[in-house]
Amino acid sequence: MTMETVIAQWQKVKENIAKACIDSRRAPEDVQLIAVSKTFGIEEIHPLLEAGQRVFGENRVQEAKSKWPQLREEFPDLKLHLIGPLQSNKTEEAVQLFDVIETVDREKIAKFLQEEMSKQNRRLPCYVQVNIGEEPQKAGIAPNKAVEFVKHCKNDHHLDVIGLMCIPPVGENPGPYFALLAKLAKEAGVKKLSMGMSADYETAIAFGATSVRVGSAIFGHRPPIVHQ
């Protein structure tokens, strides 16, 4: 895919976000676009940065480490979100590399993040990831434990939990799941909702998303990951 096509698709996504906001009687600036750049290299991300996109999402700490320090030198105002599962042995690097951690999903990770943020003197905003469809193959805290876990992260681990994040089950109507996440966020006293991806971000906005994580609708289909 040409970079001209990527830029055009990025602009189209932004237009769709603005329209979805207007349809929901929300201000377009209330919804942040996180461009999901996992599996794409510096040469593919750079034109999007030049065009003005500043918020990106990556799934893996090691992959982010291979490209974002270099890009940040040129674009120091970019914001990088960790949107994939965080392994406890990658916590130190994650706190160094990222600006927002969206995948706090268990006690051990909350504890490790607290320790690393104290060591590095960095207090990153965090989201609690909720396994909204209670799917055994997915990470996240169970919906019925989410409110208590947010309080625990804030009060006992002193994490700056600003919102909730979820990935609804594939092939199902995402609306009820987005509605449930919004309800849980209200009960937990957090304002941010990271929900909605390429196939359903406009629906997510209708249910109150404050950020949407869009990859393939911008970059196209991802190249296969080669395991060595």
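Which residues of α2 are buried? Select Ile45, His46, Leu48 and Leu49: these are the buried residues of α2. Buried means under 20% relative accessible area, exposed over 50%, and partly exposed in between, with a 1.4 Å probe and protein chains only. Helices (H or I, at least four residues) and strands (E, at least two) are DSSP runs, numbered from the N terminus.

This is a predicted model: local features need pLDDT of at least 70, side-chain atom pairs count only at pLDDT 80 or more, and totals for chains, interfaces and linings use all residues. Residues are numbered from 1 along each chain as its sequence is written, and side-chain values use heavy atoms, with hydrogens and water left out.

**Around α2**

Stay on the buried residues of α2 and show their neighbours. They pack against α1, β1, β2 (55-58), α4 (68-74) and α10 (216-219). Contact here means heavy atoms within 4.5 Å. Next, select Gly52, which follows α2 and has a positive phi near 120 degrees.

Go to Lys38, in the loop between β1 (32-36) and α2 (42-51). Lys38 counts as partly exposed, at 24% relative accessibility. An unreviewed UniProt entry annotates Lys38 as "modified residue: N6-(pyridoxal phosphate)lysine". UniProt annotations may be inferred rather than shown by experiment, and their positions are given in the numbering used here.

Now open the largest pocket, with a volume of about 390 Å³. Of its 21 lining residues, Lys38, Asn59, Ile83, Ile167 and Met197 are the closest to the centre. A pocket is an open set of points on a 1 Å grid over the protein atoms alone, where a 1.4 Å probe fits, with protein on both sides within 12 Å along at least five of seven lines; lining residues have an atom within 4 Å of a point. The volume is the space filled by probe spheres set on the points, which are joined across faces, edges and corners. Colour the lining by type: eight nonpolar, nine polar and four charged residues.

**The core**

Select Ile101 and Ile218. Of the 66 residues in the largest nonpolar core, these two touch the most other members. Helix α1 (residues 3-23) gives the largest share of this core, seven residues. Such a core is a set of buried Ala, Val, Leu, Ile, Met, Phe, Trp, Tyr and Cys residues joined through side-chain atoms within 4.5 Å.

**Two loop stops**

Finish with Glu134, between β5 (125-130) and α7 (143-155). Glu134 is not a glycine, yet has a positive phi of about 50 degrees. Glu134 is exposed, at 56% relative accessible area. Then pick His158, in the loop between α7 and β6 (160-166). His158 also has a positive phi, about 55 degrees.

Conventions. Nonpolar A, V, L, I, M, F, W, Y, C, P; charged D, E, K, R; others polar.
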